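Please read this briefing alongside the structure that follows.

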Amino acid sequence: MQELRINGGRKLSGEIEVSGAKNAALPALAATLLTDGITILSNMPIVRDVFSMCHLLESLGASVSIDGTTITVDSSNVNQWRAPHDLVRKMRASVLVMGPLLARFGRAEVALPGGCTIGNRPIDMHINAMRQMGAETELIKGDEHITCKSMKGTRVHFDRPTVTGTENVMMAATAAEGMTVLENAAREPEITCLANMLNKMGANIVGAGTGTIEIEGGYPLSSAEHRVISDRIEAGTYAVAAPMTGGSIRLTGIEPKMIASLLSKMRSAGVAVTESENAIEISGEPPFYPVDITTAEYPGFPTDLQAQFMAMMCLSDGKSVVTENIFEDRFKHVPELNRLGGDIVIRGRNAFIRGVKYLSGAAVTASDLRASASLVLAGLTARDTTRVLRIYHLDRGYSGIDDKLRALGASIERVDGEGP
Ligand code: EPU
């Protein structure tokens, strides 16, 4: 099993081009099922979750080719409507094919994703919305069977904003008769990216990026070319990494407003941030001022940057509180950060962090994608060597993270380890 070995203490400096967003790429790939033509997606991140989604599309009959960061999907021979458990278990976002399959075949069989390391994460809101549009659902041996002879546009109010739920229903609604209105919809930039793609394919969607989205059919959609947006979470991860090492970096290909909530907290922590239209310069050094964060839906502080910011707060000169409001169990990085010398106590949804002067290298185990990233950041600043085990989590969502960090001057090596 591969691991990362990091010799901490090197200041990061230089420039990084931010990759395409994993969480925009996955729904874009699922949306290719809505056409029987060819879709060309550019600026795609070459990460494990994207490969998993490509395999899922192939298992449904699509042909997929990857050339650099461009992925071409030919959906003309798609003839299956079943997303099997082994694929859904590997990647929850596989549930994103449910909406497109329902639109295309009037039926879909998608295994229930079950629990995951950051909490229970049900898909009840996806299913309820599809029911309201006329679908019938039945759970058979752990697979959700959905059928719908003719979907009707309706008004759906989500109990709370759900990112993949909004995307799934938006895609299903392209095949509904009449208008579908999604209220309390998620407002993440990845939703807008998907709506733009669907509109290019012939759908008529307005309001993406706000809490109310209106979708007026358009199915079957046609071939299109689409460039996915940059990865705000990847950008945010490097933005936190640089000052943790006392370094200074420039991120290109990212609109600063996509991570405004993070940048504001970075400034409060004493980090220098310079924004331009499509780039961010960031520099600073520990100790940081202690800053509290509370995760929230976009445009609030992203849960996907909570672990990384917590690693940074380990190096503050006071006490800070991180409150996780999106997922009920997203503090798996805490014991590992403490192994590196952090001083963090969890009480319910809050983590209380007392800043320390420095972190010290140790072997730590990654539990999920963003938790793994926080351990890498901690390793970059820690004294001596840090081994980050089980890095397959990291490879699910970060494109060449070790290469990018090495180019910025980090001492980081990927090796075949002896296992956890
Ligand atoms: N929820 C329900 N019922 C549902 C759907 C969601 O109770 O039917 C709950 C969830 O359990 C959670 C909250 O609603 O407590 C919000 O979850 P959401 O549905 O928005 O999350 P998601 O769509 O499953 C996406 C990202 C996650 C990111 C979250 C929150 C993708 C593929 N995944 O997940 O990304 O953390 O939104 O922003 O877009 C990651 O990249 O590391 C990652 C986990």
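Helices (H or I, at least four residues) and strands (E, at least two) are DSSP runs, numbered from the N terminus. On that basis proline 287 sits in the loop that runs between strand E17 (279-283) and strand E18 (293-294), and the protein as a whole has 14 helices and 24 strands. The model is predicted, with local features requiring pLDDT of at least 70 and side-chain atom pairs counting only at pLDDT 80 or more, whereas totals for chains, interfaces and linings use all residues. Residues are numbered from 1 along each chain as its sequence is written, and side-chain values use heavy atoms, with hydrogens and water left out.

**Ligand site**

- For threonine 162, a side-chain N or O atom is 2.7 Å from an oxygen atom of the ligand, while for threonine 164 the corresponding distance to a ligand oxygen atom is 2.6 Å.
- Aspartate 304 places a polar side-chain atom 2.6 Å from an oxygen atom of the ligand.
- The protein buries 89% of the 830 Å² that the ligand exposes when taken alone, with accessible areas from the Shrake-Rupley method and a 1.4 Å probe; for residues, only the protein chains shown count as cover.

**Cavity and pocket**

- On a 1 Å grid over the protein atoms alone, a cavity is a set of points where a 1.4 Å probe fits but cannot get out, and a pocket is an open set with protein on both sides within 12 Å along at least five of seven lines; lining residues have an atom within 4 Å of a point.
- Searching the whole structure gives 1 cavity of 30 Å³ or more, and the largest cavity has a volume of about 30 Å³, a volume being the space filled by probe spheres set on grid points joined across faces, edges and corners.
- Its lining consists of Thr303, Gln306, Ala307, Arg330, His333, Asp368, Arg370 and Ala371, and the elements that give two or more residues to this lining are helix H10 (306-313) and H12.
- The second largest pocket holds about 330 Å³ of space, and among its 16 lining residues Pro286, Pro287, Leu315, Lys357 and Tyr358 are the closest to its centre.
- The lining of the second largest pocket divides into 7 nonpolar, 5 polar and 4 charged residues.

**Backbone details**

- Proline 286 and proline 287 are joined by a cis peptide bond with omega about 0°.
- The peptide bond from tyrosine 298 to proline 299 is also cis, with omega near 10°, and proline 299 lies in the loop between E18 and H10.
- Asparagine 43, a residue other than glycine, has a positive phi near 60° and lies in the loop between strand E3 (38-42) and helix H2 (48-59).

**Overall dimensions**

- Taken along the principal axes, the C-alpha atoms fill a box of roughly 65 × 45 × 40 Å.

Technical notes
A polar contact is a pair of N or O atoms within 3.5 Å; within protein, one must be able to donate a hydrogen and the other to accept it, and residues adjacent in sequence count only if both atoms are side-chain atoms. Ala, Val, Leu, Ile, Met, Phe, Trp, Tyr, Cys and Pro count as nonpolar, Asp, Glu, Lys and Arg as charged, and the others, Gly among them, as polar.
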